[in-house]
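Thanks for sending this one over. Here are my notes, arranged as numbered points so that you can follow them with the structure open beside you.

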Amino acid sequence: MKIKSYYSRSVESAIAEAREELGPEAMLVESRKAAPDARHLGEYEVVFALTSDGPPVTATAAPPRDSLSHDVAELKKELEGMRRAITRTAFAPPQWLSGAPDLSDAYAVLTANEIDPDLAREIVQSAESRSTGGGRSKVAQFNQPRDSGAYQQALIQELESRFAVKPTLGRTEGGARITALVGPPGAGKTTTLVKLAVNYGLACRRPVLMISMDNHRIAAAEQLRSYAGILGVGFQMLETVSALAQSIEENRSKDLILIDTPGLGFTEISESSTLARFLATRPDIDTQLALAASVKPADLARMVDAYQVFKPQRLVFTKLDETASFGPIFNEAVRTAMPLSFFATGQRIPEDLEEVTPGRLTSLILSGQGLRSRAVA
């Protein structure tokens, strides 16, 4: 695929020039005002794509499967390059468009991962200051050669400085560690609870009690009961907050108490005010908010805000295997200042659970998106 920009005094004349050179097979990708640094070439810019250097492929001359796969892969690569170029020119500050490709590339990568544009811009600029030691003027920063490797490392450091991690269970030192998982329906709380029980209870030969407060879905409680039977750990199905309080007191000898709660939609959270008040006011209970990483950013932020009535201390993200965009995780960690604790990366029990590290999230955001990440998992 060929991608080429044409500049002229008007969009129409630029299109006419492109058609004359590329022929009728060329595809118009975008038309826009020319960027300030390219304004001397013409007031308007049109971008054209030509999908083939030769004649169109006919049904009687179809390419072999391997060749077709290669062509599709190349087409995807070209389209990704086009998307990044459009992102750079459409949203990046004008001064990044000349002399600072690292900055515009970084901005395109971050926003492609659905990191909030204002936050992405702030991170890119702060990383620039890190990479130069803050010792150059803005004009010098944008026009002098820079060490791309140093800038990428500074970008990683800047990303990692923006959020906290705390992959632990419980709030007290010594005695029973008590953790409750709260979150919306379908977030994977029950499965994650079992993974935690295995990895941080059974694997350490510590006594575990799993409690279900989920009286909204009988199947959920029965699922947890079945897992408890298979694992050989204690299980209780409770319906009231007073019963929960009593159970906690009676099982202080347990090393790990894990509490599964109902999956509540936005309109149902008010119905669970008693449970929310109980968890929010118990300093011995570590309440963690479980969320699916595949939820779109606006809905994710709305969920986090709605669940603040439970006063969660940490964020657990599940279903990382169902998305390729990890910016929303970063957005919420930065916006709420709540540490990230665990990532659930699939359905396998207990394997698909990992402790969050700064390098792990940074690597997910940067790797495979056009920047070579030096972050380590």
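1. Overall picture. Please keep in mind that this is a predicted model. The chain has 13 helices and eleven strands, and 45% of its 377 residues count as buried. Among contacts with a separation of 6 or more, 72% are between residues 24 or more positions apart.

2. The nonpolar cores. The largest nonpolar core holds 63 residues, and Leu110 and Phe317 touch the most other members. Beyond four places in sequence, Phe317 is in contact with Leu291, Ala292, Ala293, Leu300, Ile329, Leu340, Phe342, Phe343 and Ala344. There is also a second, separate core of 20 residues, with Leu181, Val208, Ala228 and Leu353 among them. As background, nonpolar side chains tend to be buried together in soluble globular proteins.

3. Helix 11 against helix 12. These helices, residues 297-306 and 327-336, pack at an angle of about 35 degrees with their axes 10 Å apart, and their crossing is right-handed. Helix 11 brings Pro297, Leu300, Ala301, Val304 and Asp305 to the contact, while helix 12 brings Pro328, Glu332, Arg335 and Thr336. Sorted by class, that makes five nonpolar, one polar and three charged residues.

4. Thr287, buried or exposed? Thr287 sits in strand 8, residues 285-292, and counts as buried because its relative accessibility is 0%. Setting aside residues up to four places away, Thr287 touches Ala180, Val182, Leu279, Phe310, Lys311, Pro312, Gln313 and Arg314.

5. Ser247. This serine belongs to helix 9, and its 3% relative accessibility is why Ser247 counts as buried. Its contacts beyond four places in sequence are Leu209, Ile211, Gln236 and Leu238.

6. Arg252. Moving on from helix 9, Arg252 lies in the loop between helix 9 (241-250) and strand 7 (256-260). With a relative accessibility of 34%, Arg252 counts as partly exposed. Which residues does Arg252 contact, leaving aside neighbours within four places in sequence? They are Ala176, Ile178, Arg282 and Asp284. With Asp284, the side chain of Arg252 makes a polar contact of 2.9 Å. The C-alpha atom of Arg177, 75 residues away along the chain, is 8.8 Å from that of Arg252.

7. Backbone points to check by eye. Most residues other than glycine have a negative phi, and most peptide bonds are trans.
 - The peptide bond joining Ile349 and Pro350 is cis, with omega about 5 degrees; Pro350 is in the loop between strand 10 (340-344) and strand 11 (353-355).
 - Glu114, not a glycine, has a positive phi of about 70 degrees. Glu114 lies in the loop between helix 3 (101-112) and helix 4 (117-132) and is partly exposed, with a relative accessible area of 36%.
 - Ala337 has a positive phi of about 60 degrees, although it is not a glycine either. Ala337 is in the loop between helix 12 and strand 10, and its 62% relative accessibility makes it count as exposed.

Notes
Residues numbered from 1 in each chain as written. Predicted model: local features only at pLDDT ≥ 70, side-chain atom pairs only at ≥ 80, totals over all residues. Heavy atoms only, no water. Helix = DSSP H or I, 4+ residues; strand = E, 2+ residues; numbered from the N terminus. Buried < 20%, exposed > 50% of the residue type's maximum accessible area, 1.4 Å probe, protein only. Contact = heavy atoms within 4.5 Å. Polar contact = N/O pair within 3.5 Å; in protein donor to acceptor, adjacent residues only side chain to side chain. Core = buried A, V, L, I, M, F, W, Y, C linked by side-chain atoms within 4.5 Å. Axes fitted to C-alpha atoms, helices over the stretch in contact; angles between N-to-C directions. Left-handed = near helix turned anticlockwise from the far one by under 90°. Nonpolar A, V, L, I, M, F, W, Y, C, P; charged D, E, K, R; others polar.
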